[in-house]
Amino acid sequence: MSAAAAPPPPPRILEVPHGTRRRIVNKSMEGIAWLSAITAVGILGVVVWSIASKGWSELSLDLITKPPIPFSFTNAPQGLANAFAGTIVIVTLATLMAVPMGIMVALYLNEFARPSIRTSVGLMTDILAGVPAIVIGVFVYSLLVAGGGGQSGWKGAFALAILMLPFVTRTTVEVLALVPNSLREASLGLGVPRWRTTTSIVVPRAIGGILTGTVLAVARVAGETAPLLFTSSLVGNQVSWDPTHALQTVPVAIFELSESPDPKDHARAWAAGFVLLMFILAASLTARWLATRNARKIAGR
Amino acid sequence: VSSLDVSPEARRPFSGRRVHVGDIVLQGAAALAALAATLLVVLIVREVVDGARPAIEKFGISFITDVVWNPVAGREAYGAGAFLFGTIITSFFALLLATPLALGIALFLTELSPGFIKTPVTALVETLAAVPSVLIGLWGILVLGPILRTHIEPWLHSVLGWLPFFGEPSSSGASVFTAIIVLTIMILPIVSSISRELFLGVPHELKEAALGLGTTRWEMVRGVMFPYARGGVAAALILGLGRAMGEAIAVTQVIGGGVHISWNLFDTGDTLGSKIASEYQGATSNLEVSSLIYLGLLLLLLSLITNIGAQWIVRQVNKKHGITRGGHA
């Protein structure tokens, strides 16, 4: 008998030797990636930080409690109470319009539609999501404002709802797709009709995710300016909660104040922007928290 | 067949197949909503064409290239040339600046970054994506503009002044250049987060196989990750381009306005979106309003072309790789 087989030779280490061209190219590309990441993060950090710091230093309670004073040469405290009221009204109305509609579209896409219809309707909602916000504003202006009646909070809310719709639809479709098919099959197999299965089994399972999508959609449109310029921007300075008239909103107010030459107006714009940004970030964080909380629940694991 | 002895009872379809009123109502309502959402796109196109009709009839197709915007009564003449030029040049340069930075961030986050940096950087990128455009515009005109005017623009002019793009620095800080930087910042988060997802989707086996063959990390990125994610990254870039072209508010705040074609990026200018947004209270005659809507129509067509192009690429890629998500703006 021969001796035990010779041990295999140690594996050659496939390390590229120092100083070769390949290694230098690799190191320099890694350096470029690091550099561009640092540059980009630097820029992003500066933007977020300067909005936060400028806004924080200008913040005061007057901002949300006092209306603006037109053509004031005094230093009397003034705020943007009208804009905050208008944003609350318009965004609430837009949410009430877009969310039920978006859920219905998503139910159709995920629960009822044949694959071919599903693809084409899905493509249309994706296209709708890509229409620039300013074009939505022009559309609503041309459809509702120019013909008569002029601007109103309703029309602004309608324009925002169009922006929200594809967003709500997409997130709801994604959540519905996570509901396990075995649940639907179990329910249908017990003789429960389709509509009862959908409303009592599928939707309750997905409701957390739908809520997450809604919160994200609200965060997204709360800062939209363009659709409101043509539909709800010619406004007075008094606080109003009546959507049949044009209402001032926070983004439109910031837009107008940013074009003003008066530093006092800039200060109010920073402060209002800070409040808006904090609201949006809080909503995003809430949505993420809801999402992680619900992800496991939906899948039933 | 006829010999089978089956009672009429048993021949009845079982009750689970019975048509329920609730089924018809729910499915009908859902189908109606889907139909309405689909028709909305058609309605938008139709309504914008309708609103632009007086201008289309008056100026025809030459509106697209005419460099004029004269609202003086009696001598009214409108054209989109300057704004189309502004839209193309701002979005092109923004994409040019954003692409390497976005890919750099994405590669950094997927391949290079240590774990403890990854989370805050990702969070920062997502935070920036959530900042409303009006705030970026506010920052652009009050913080970025003055810095560009006093430091960056004179420096670029002295170093690269022989190029037509870097002429005399702007006087106020509002310029096409400022708009380009602002747009770059706005599309950076979108492109980088989509690219990051695509890079994360590259199968580990492929990457390990390449590294196992002795490639360097960069050779693996170039030879495996880029080809794998190519289609998706192209779609992400087109989506970013569409976003840059469609942005109106932030651009209006920083671009300064003007009806002219200038290759000097430090000049003021206007884009389709910024012209519409800046005239929202100023338009007086019906023809001017209609011409503004005509600008909106051109913008709508540009965005439809870019979006459908991006969707098409995403679908092609998904077919090839079975990736579930191509990303979206």
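**Reading the A/B interface and the core**

Modeller: This is a predicted model. Start with one pair: Glu30(A) and Arg217(B) form a salt bridge through their side chains, with N to O at 3.0 Å.

Biologist: Which element of chain A gives the largest share of the side that touches chain B?

Modeller: Helix α1 of chain A, residues 21-58, with 21 residues. By class, that side of chain A has 52 nonpolar, 17 polar and eleven charged residues.

Biologist: How many residues are in contact across the two chains, and what area do they bury?

Modeller: Contact joins 80 residues of chain A to 79 residues of chain B. The two chains bury about 7100 Å² between them, and carbon and sulfur atoms account for 79% of it.

Biologist: What should I look for in the largest nonpolar core?

Modeller: Look at its members and at their contacts inside it. This core has 190 residues, and those with the most contacts inside it include Ile134(A), Ile254(A), Ile44(B) and Phe63(B). Helix α3 of chain B, residues 81-112, gives the most to this core, 18 residues.

Biologist: Which residues does Phe63(B) touch, leaving out those up to four places away in sequence?

Modeller: Among them are Trp69(B), Tyr78(B), Tyr294(B), Leu295(B) and Leu298(B). Leu295(B) is also listed with the residues that have the most contacts inside the core.

How values were computed:
Residues are numbered from 1 along each chain as its sequence is written. Chains are lettered from A and ligands numbered from 1 in the order in which they are written. This is a predicted model: local features need pLDDT of at least 70, side-chain atom pairs count only at pLDDT 80 or more; totals for chains, interfaces and linings use all residues. Side-chain values use heavy atoms; hydrogens and water are left out. Contact means heavy atoms within 4.5 Å. Buried area is the accessible area (1.4 Å probe) that two parts lose on being put together, summed over both. A salt bridge is a side-chain nitrogen of Lys or Arg within 4 Å of a carboxyl oxygen of Asp or Glu. Helices (H or I, at least four residues) and strands (E, at least two) are DSSP runs, numbered from the N terminus. Ala, Val, Leu, Ile, Met, Phe, Trp, Tyr, Cys and Pro count as nonpolar, Asp, Glu, Lys and Arg as charged, and the others, Gly among them, as polar. A nonpolar core is a set of buried Ala, Val, Leu, Ile, Met, Phe, Trp, Tyr and Cys residues joined through side-chain atoms within 4.5 Å. Buried means under 20% relative accessible area, exposed over 50%, partly exposed in between (1.4 Å probe, protein chains only).
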